[in-house]
Amino acid sequence: MAAPRDQLGVLEAQGSSGRQGSWGVKVAFPSDPAAPAPLCPHGPTLLFVKVIQGKEETRRFYACSACRDRKECNFFQWEDEKLSEARLAAREAHNRRCLPPLSRVQCVDRYLKFIELPLTQRKFCQRCQQLLLPGDWEKHREHEVLGDISVSQLKRPSQLLYPLENKKTNAQYLFADRSCQFLVDLLSTLGFRRVLCVGTPRLHELIRLTASGDKKSNIKSLLLDIDFRYSQFYLEDSFCHYNMFNHHFFDGKAALEVCRAFLQEDKGEGVIMVTDPPFGGLVEPLAVTFKKLIAMWKEGQSQDDKELPIFWIFPYFFESRICQFFPSFAMLDYQVDYDNHALYKHGKTGRKQSPVRIFTNIPPSKIILPTEEGYRFCPLCQRYVSTENQHCEHCNSCSSKDGRKWNHCFLCKKCVKPSWIHCSTCNHCTVPDHSCEGPKDGCFICGELGHKRSNCPNIPASRRANKAVRKQKQRKSNKMKMETTKGQSMNHTSVTTRKKRRERTHQYLCS
Ligand SMILES: C[S@@+](CC[C@H](N)C(=O)[O-])C[C@H]1O[C@@H](n2cnc3c(N)ncnc32)[C@H](O)[C@@H]1O
Ligand SMILES: [Zn+2]
Ligand SMILES: [Zn+2]
Ligand SMILES: [Zn+2]
Ligand SMILES: [Zn+2]
Ligand SMILES: [Zn+2]
Ligand SMILES: [Zn+2]
């Protein structure tokens with residue numbers, strides 16, 4: 001039974017489903033909305049439908065909401081499939097086996113014991129990604145163990161833990177200091193007192209660090225993340241093990257109430273949600289989840305017309321898709337940089353321009369972008385824009401999306417990328433080396449003209465990034481091979497060990 005699971009997300013961006021030449025899967029609505037979705041270890045599954053050439057297949061199926069790779073979670077069930085009692089029992093047993101090794105309460109208990117230990121007894125197993133109490137030492141004797149874990153290390157778990165970079169689940173790309181500091185300063189300038197961090201562990205820790213160091217900016221933060229390792233470092237009121245694709249709290253009602261209380265404190269005043277989901281994730285289930293968090297915040301609100309302030313960090317080519325669900329959102333020009341993403345990081349090793357932006361319902365006029373990093377204020381648009389993003393008098397806006405100067409096309413009546421030309425056969429602007437023969441010569445993925453499969457905005461960013469990273473790695477590896485022949489040997493062991501270590505930790509965390 002082949003589940004078309006790996007194609008998830010292809011149809012997602014820009015609402016491309018239904019176009020000729022497209023294929024993939026999209027989220028569907030259950031025929032019976034009252035019937036609960038079957039559960040996988042990551043909570044309620046989502047209903048998907050396969051779409052080929054714009055046509056939805058009739059048979060729909062449930063699959064994991066969080067993992068876009070069957071290797072990570074292989075849940076599959078046709079919508080109309082009836083399971084035997086035995087299979088249902090086996091599934092329940094599997095879900096139970098996949099529970100984290102420790103309950104939330106046990107984690108907190110261990111953490112409290114750990115911080116009581118003298119420095120010399122505070123150890124962290126790098127292989128198991130776990131803080132060790134003296135009773136655990138023997139079991140980890142042969143593992144790589146870090147000693148003398150200081151309080152400042154405990155306060156920066158995102159630096160102690162290695163990022164889970166598996167693209168199809170965690171895609172844990174951590175903010176570069178510059179972007180993280182910018183966000184913290186901005187939140188403080190805007191006067192927020194509480195931040196609900198959904199999938200932003202590094203921002204969460206920087207907010208807490210800033211608050212403990214500076215009494216004037218005493219912002220509180222609550223982290224919701226699927227990465228269970230973080231539960232070792234926080235008490236119940238500052239971390240919830242959570243799945244943002246189905247609004248599932250792994251620790252049940254108690255955790256949900258922590259989140260509710262956090263959102264509704266001070267009658268909901270002074271709180272903002274900041275989220276940076278995995279880029280390969282589907283926008284629709286995320287939007288459904290965020291609307292549930294908004295509703296939770298609204299319950300505690302007296303004024304109906306207010307909106308929960310949100311920063312949703314995502315690549316710019318998802319603009320139309322995000323605005324479809326949140327019409328009041330605007331995209332800021334600020335380019336968010338990451339530490340561990342070869343393409344989305346600033347400077348020499350990354351490309352200069354990160355495609356990741358902030359989408360928000362806070363008026364852009366209130367958000368000051370740093371002029372020393374190449375932003376300027378446009379008095380006509382009443383917002384900060386990239387310096388090269390010039391105001392187009394015909395569009396009456398600073399129209400560039402990617403930070404470069406775009407050119408106005410009078411025939412298309414809009415600004416277009418600088419490399420594009422107006423093709424009189426196609427009757428619109430597009431890349432110069434296109435073929436004018438119609439949809440079959442357009443993009444293989446979405447059928448649109450103007451870009452090729454490799455640049456399709458409908459491929460999740462992560463996939464494209466992967467490809468570019470693979471290319472980069474290939475180049476590097478070719479270079480290394482050349483160097484090897486010059487007498488150097490490659491260290492295969494370290495790569496294998498790292499891979500094994502990751503697999504083991506993944507078992508510990510997710511299965
Ligand atoms: C792109 S990273 C963002 C990290 C952020 N840039 C930072 O530095 O704080 C995505 C984050 O979302 C988390 N995540 C991935 N899938 C998730 C899910 N289904 N539910 C909740 N969190 C998830 C990852 O563990 C990771 O921390
Ligand atoms: Zn799952
Ligand atoms: Zn260990
Ligand atoms: Zn302007
Ligand atoms: Zn224009
Ligand atoms: Zn044109
Ligand atoms: Zn043409």
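**Terms and values in this model**

Guide: H6 gives the most to the shell around ligand 1, with three residues. This is a predicted model, in which local features need pLDDT of at least 70, side-chain atom pairs count only at pLDDT 80 or more, and totals for chains, interfaces and linings use all residues. Residues are numbered from 1 along each chain as its sequence is written, while chains are lettered from A and ligands numbered from 1 in the order in which they are written.

Visitor: How many residues surround ligand 1, and which are the closest?

Guide: A residue counts as near if its C-beta atom, placed from the backbone, lies within 6 Å. On that basis 21 residues surround ligand 1, and the closest are Gly199, Thr200, Arg202, Ile226 and Met244. Helix H6 (201–213) and strand E13 (239–243) each supply at least two residues of that shell. Helices (H or I, at least four residues) and strands (E, at least two) are DSSP runs, numbered from the N terminus.

Visitor: How do the residues of the shell around ligand 1 divide?

Guide: They divide into 12 nonpolar, five polar and four charged. Ala, Val, Leu, Ile, Met, Phe, Trp, Tyr, Cys and Pro count as nonpolar, Asp, Glu, Lys and Arg as charged, and the others, Gly among them, as polar.

Visitor: Why are H5 and H6 called oblique to each other?

Guide: The axes of helix H5 (residues 177–189) and H6 come within 10 Å and cross at roughly 55°. Axes are lines fitted to C-alpha atoms, for helices over the stretch in contact, and angles run from 0 to 180 degrees between N-to-C directions. Angles under 35 degrees count as roughly parallel, over 145 as roughly antiparallel, 65 to 115 as roughly perpendicular and the rest as oblique. H5 and H6 are therefore oblique.

Visitor: What makes E9 and E10 edge strands?

Guide: The open sheet of three strands has the order E9-E8-E10, with antiparallel pairing. Strand E9 (130–132) and strand E10 (145–146) each pair on one side only, so they are the edges. Two strands pair if DSSP finds at least two bridges between them. Strand E8 (residues 123–125) and E10 have two bridges, and Phe124 stands opposite Leu146 in E10.

Visitor: How do you know that E19 and E20 pair?

Guide: Strand E19 (residues 375–378) and strand E20 (residues 383–386) share four bridges, in the antiparallel sense. Arg376 stands opposite Val385 in E20. The hairpin has four residues between the strands, and Gln382 takes a positive phi near 60°.
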